[in-house]
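Good morning, and thank you for joining this meeting. Please look at the structure on the screen while I go through its main features.

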Amino acid sequence: MILIKLPDEGKEVQWGIVELQGDLISQSGEDTHGQFIGDLHYTKQGTPILIIGHHILTGKEVVLEKPFAVLERKRGVQPDCCKLENSAVTEFNTEYQIRAVIKKKLLFKVRPKPIISNVLKSV
């Protein structure tokens, strides 16, 4: 799953996910987490276009039936005021913060098309 910020005219940041059919494999064989994958653009009609290397994918924006949240787990030590007097046990409290609410996904379900530049024919 690829988490992205979606363009929006409002002041709120809209988050979405990118769904690709098939596998995304880098040439070096390294994990693609946190790395640049490609360029995401929109046509004037609002169709998402994803350019990865020398390939172009055309997709569509889909509203999810059930939005979901991206949570961040924060674990901290319980403050001294809440500990028992003779307790040697350190207690931890766990909190979850909502980092994003996902309401839309960009679905790319067609095969990528190669980008072909104009090649001069020798005469």
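This is a predicted model: local features need pLDDT of at least 70, side-chain atom pairs count only at pLDDT 80 or more; totals for chains, interfaces and linings use all residues.

Let us begin at a turn: E4 and E5 form a hairpin with two residues between them, and Gly53 in that turn has a positive phi of about 60°. Residues are numbered from 1 along each chain as its sequence is written, and side-chain values use heavy atoms, with hydrogens and water left out.

The labels also need a word: helices (H or I, at least four residues) and strands (E, at least two) are DSSP runs, numbered from the N terminus. The protein has eight strands and zero helices.

Two strands count as paired if DSSP finds at least two bridges between them. Within this pair, Leu50 stands opposite Leu57, and the bridge partner of Ile52 is His55.

On which side does E4 have its other hairpin? E3 and E4 form a hairpin with five residues between them, and here Gly46 in the turn has a positive phi of about 90°. Four bridges join these two antiparallel strands, and Tyr42 stands opposite Pro48 in E4.

These strands belong to an open sheet of four, in the order E3-E4-E5-E8, with antiparallel pairing. Strand E3 (39-42) and strand E8 (113-114) stand at the edges with a single partner strand each, so one side of each is left without a neighbour in the sheet.

Buried means under 20% relative accessible area, exposed over 50%, and partly exposed in between (1.4 Å probe, protein chains only). In the protein of 123 residues, buried residues make up 16%.

I turn now to strand E6 (residues 60-77), where Glu72 is found. Glu72 is partly exposed, with a relative accessible area of 29%. Leaving aside residues up to four places away in sequence, Glu72 touches Glu95, Tyr96, Gln97 and Arg99, where contact means heavy atoms within 4.5 Å. Glu72 and Glu95 are 23 residues apart in sequence, and 8.3 Å apart in space, C-alpha to C-alpha.

Val70 is also found in strand E6, and is partly exposed at a relative accessible area of 25%. Its contacts, not counting residues up to four places away in sequence, include Leu3, Ile98 and Ile102.
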